[in-house]
Amino acid sequence: MNRKRLRRWKSNLMVGLMIAAVVVAVAPLLFILLNLVVKGAGSLSFGFFTRMPVPAGETGGGVAHAIVGTLIMVGMAALVGVPLGIGAGLFSAEFPGTRLAKASRFLADVMNGTPSIVVGVFAWTLIVARTKQFSALAGSAALAMLMIPMVMRTTEELIKLVPHSLREAALALGYPRWRTTVSIVLRTALPGIVTGSLLAVARVAGETAPLLFTALGSQFFSLSVNEPMAALPLTVFQYATGPYEEWHQFAWAAALVLIIVVMVLSLAARLATRGRFTRHG
Amino acid sequence: MAEPPPRLATVHLTAVYGKFTAVKDVSLGFRANTVNALIGPSGCGKSTFLRTLNRMHELSDGGWITGKVLLDGEDIYGSRVSPMQLRRRIGMVFQKPTPFPTMSIYDNVAAGLRLNGRRPRGELDEIVERSLRDAALWEEVKDRLQASALALSGGQQQRLCIARSIAPRPQVVLLDEPTASLDPGGTQRIEELVFELKKDYTIVIVTHNMQQAARVSDTTSFFYMGAMIESGPTRQIFTAPREERTEAYITGRFG
Amino acid sequence: MATTILPDAPAPAPAEGTSTLAGSRRGDRLFKGVLTVAALAVPVLMAFLVYELYVGSRLAIERYGLGFVAGTTWDPVAEEFGAAPLIFGTLLSSLLALVIAVPLSLGVAIYLTEFAPRAVRQPIAFIIELLAAIPSVVYGLWGIFVLIPLLKAHVFPFLRDTLGFLPFFQGPIYGPSMLAASIILAIMIMPFIMSVAREVLLAVPGSQREAALALGATRWEAVVSAILPYARSGILGAIILGLGRALGETMAVTMLIGNRHEIAASLFAPGYTMAAVIANEFSEAATDIHFAALTYVALVLFLVTVTVNAAARLLIWRVGAGGGGKRS
């Protein structure tokens with residue numbers, strides 16, 4: 001009898017410890033978000049979004065250049081990375097047994113696990129060292145490379161979820177294979193692929209390491225992809241590690257903007273598929 | 001014999017998946033404007049046989065055939081034949097309804113037509129209406145042609161799939177257990193429809209429901225272990241089968 | 001053969017060329033071609049990456065050879081480079097992060113799959129996965145201005161007072177340190193381990209659990225005796241995947257570890273990692289040999305993470321394919 005009580009007591013103790021783990025795990029998120037809002041919101045104003053940074057010692061200034069830089073670089077990366085990722089994912093879902101499919105599936109996992117700083121070094125040797133010029137282009141290339149495996153694996157998984165019967169129905173109707181894949185299979189999986197792509201965009205939008213010595217960052221507004229360009233994460237890094245108190249304020253505000261961008265993208269990605277793609281076939 | 005040549009025929013057809021022979025040396029003919037039932041226990045090869053008739057079988061892993069399948073005398077496995085063109089002449093409806101989930105009712109029916117280039121809107125409207133009428137679905141959906149095809153019931157979805165397969169005016173329609181996933185009401189409507197459709201099409205229907213075969217078909221062929229055991233007019237197969245195994249099957253002694 | 005209604009002589013086939021069934025497969029070939037180009041992107045990029053890293057580091061490989069990983073001096077001015085403190089720092093910070101993150105994430109994963117009321121399972125998992133969406137640099141910022149002051153004022157002194165008899169908790173307290181970096185790493189990898197572990201646990205068949213409960217086990221005993229053994233290699237895979245993340249994590253670590261090329265026993269002392277040295281020095285390197293040494297570091301880091309990730313994938317695949325792997 002006593003032994004039984006001991007066992008039950010132990011079970012309850014473990015559940016208690018697990019609840020404690022949940023609290024400890026959730027706390028940092030709330031803590032970080034709270035700090036961001038408290039320390040960052042004060043510096044946020046309309047001007048913060050529209051103005052350029054000012055020299056140390058002056059107040060005011062904004063991150064317009066970094067917002068535009070992030071948009072340009074992430075946009076270019078998505079333009080290359082999303083189609084390539086979807087194409088590669090389609091290939092490995094459509095021709096799963098081929099050697100190329102197996103190789104690119106395995107290497108996509110390797111690529112996914114490759115530290116982003118290493119991808120940055122690669123983009124540096126590939127582009128910056130050759131052109132002898134830090135550039136937004138090199139930064140985008142690094143970000144695109146990070147996106148490809150993410151989009152590819154999501155696409156492949158979602159394509160595999162489309163019922164085989166739909167593909168057969170289209171083929172039986174006289175659809176050529178490519179049209180079956182594009183207008184039936186891909187079309188059916190599209191909401192999920194959009195979600196996956198948005199998540200990939202959200203992730204690379206927050207990347208700093210691959211931009212450190214490719215896009216480099218800049219104090220100036222620039223639209224030229226052949227020159228150094230600012231980005232929100234770079235701005236956060238540079239101002240956070242700088243010596244001035246105003247800079248730190250600035251870093252918090254920029255981080256708040258960055259996190260809003262990233263969170264909005266991730267939430268939009270999740271909401272994009274809710275309520276759709278639930279039943280078919 | 002004064003019989004006209006069959007619309008669709010197989011000559012010594014053998015179908016294989018990798019090393020497994022699913023259909024063994026079957027020669028069968030289907031005349032125009034008839035309903036032809038293929039019956040037999042599961043795994044007897046009747047579905048595989050059906051899938052060789054519009055070259056769907058070759059899409060399965062390791063699927064290949066020997067022998068011939070003739071559509072109006074032309075070998076559909078000939079080197080110049082495009083399976084896509086062929087499948088526009090031989091339509092197919094599957095066991096489970098397969099409406100395209102991202103398309104409206106209208107677009108589902110028009111899906112096959114749009115493969116052959118653009119058509120004037122009026123012509124498309126006309127064909128969609130005619131196909132839906134032929135599939136006995138028009139009255140139920142005419143007010144919501146732009147609604148999602150997923151909004152329909154299972155039986156309606158299956159009739160939509162029939163409308164979709166007959167919209168391009170094929171010569172032959174293959175039905176692979178079209179009522180297997182439907183309730184009795186839905187089943188009955190499909191059976192009535194099949195009977196109507198033979199005015200315009202040649203129909204081959206796979207079923208494991210013998211009453212269904214008896215109700216709708218003109219000829220019945222009995223498959224067992226990949227071989228075609230017996231084929232003939234439906235009345236004869238069900239009343240006076242020549243083969244003992246056929247009789248055993250239709251009287252429910254095995255299968 | 002049985003009866004057939006096929007006449008002996010079928011109608012003559014139409015002459016070649018007049019077939020109404022003819023058509024081309026050009027569209028399919030073109031489509032496959034386009035997809036093939038896309039699918040080649042990944043292998044080609046990876047091959048390029050390895051090649052470029054090798055070529056970029058060749059100068060350093062020729063000069064230092066494999067002794068690079070054992071050397072302890074890092075002096076760009078004297079052109080002497082050894083990566084031992086970096087490798088040590090990378091491994092130690094990642095392992096410490098695992099020590100902190102693994103019990104937490106497994107606790108959460110087990111709680112969410114086995115014990116939590118249904119209504120809270122999704123929301124909690126969602127919140128924790130949001131942690132994974134926070135950019136590394138934001139963790140770094142938070143680490144510098146919130147976590148480090150907190151650690152310096154309360155946690156580190158407490159550790160020194162209670163565990164100071166161990167060499168790991170002795171010496172001056174700086175703030176930026178191996179331990180601070182490990183803690184931030186732990187927070188960052190926890191969501192990854194949690195979500196993979198959760199998927200593995202969800203894949204355990206319900207019969208495993210029911211069998212144990214039917215034998216009179218408490219719910220915790222069912223977890224220990226039936227569920228964890230079944231999911232063991234998958235959970236190990238999740239942990240190693242988290243390790244892979246930690247090894248390559250750059251920004252937050254760079255901002256918190258103190259960046260000193262030194263192997264110190266005390267966790268309060270600053271250290272350095274491979275990723276951090278690349279982040280700090282790459283854009284400022286002036287000599288070819290400095291670039292080569294940094295690229296060599298990147299190559300080593302790449303090889304370490306590839307090995308770790310490959311091991312994790314193998315373990316997870318084994319669970320997916322073999323239904324539980326070994327049981328003891």
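Two residues are in contact if their C-beta atoms, placed from the backbone, lie within 7 Å. The model used here is a predicted one.

**Exercise 1.** Among contacts in chain B between residues at least 6 apart in sequence, determine what percentage joins residues at least 24 apart.

Solution. Consider the contacts of chain B whose partners are at least 6 apart in sequence. Of these, 67% link residues at least 24 apart.

**Exercise 2.** Explain why chain B may be called as compact as a globular protein of its length.

Solution. Begin with the make-up: chain B contains 10 helices and 10 strands. Its radius of gyration is 18 Å, close to the 18 Å given by the globule rule for 255 residues, and therefore chain B is as compact as a globular protein of that length. The C-alpha atoms of chain B occupy a box of roughly 55 × 45 × 40 Å along the principal axes. Finally, 51% of the 255 residues in chain B are buried.

**Exercise 3.** State the strand order of the open sheet of 6 strands in chain B and identify the edge strands.

Solution. The order is β6-β7-β8-β3-β9-β10 in chain B, and the pairing is mixed. The edges are β6 (90-93) and β10 (227-233) of chain B, since each pairs on one side only. From one strand to the next, the twist averages 15 degrees.

**Exercise 4.** In which sense do β7 and β8 of chain B pair?

Solution. Strands of a sheet pair through backbone hydrogen bonds, either parallel or antiparallel. Strands β7 (residues 172-176) and β8 (residues 202-206) of chain B pair in the parallel sense over 5 bridges. Within this pair, Val172(B) stands opposite Thr202(B) in β8(B).

Note on methods
Residues numbered from 1 in each chain as written. Chains lettered and ligands numbered in written order. Predicted model: local features only at pLDDT ≥ 70, side-chain atom pairs only at ≥ 80, totals over all residues. Pairing = 2+ DSSP bridges. Helix = DSSP H or I, 4+ residues; strand = E, 2+ residues; numbered from the N terminus. Axes fitted to C-alpha atoms, helices over the stretch in contact; angles between N-to-C directions. Rg over C-alpha atoms; globule rule 2.2 N^0.38 Å. Buried ≥ 20, exposed ≤ 12 C-beta atoms within 10 Å, placed from the backbone.
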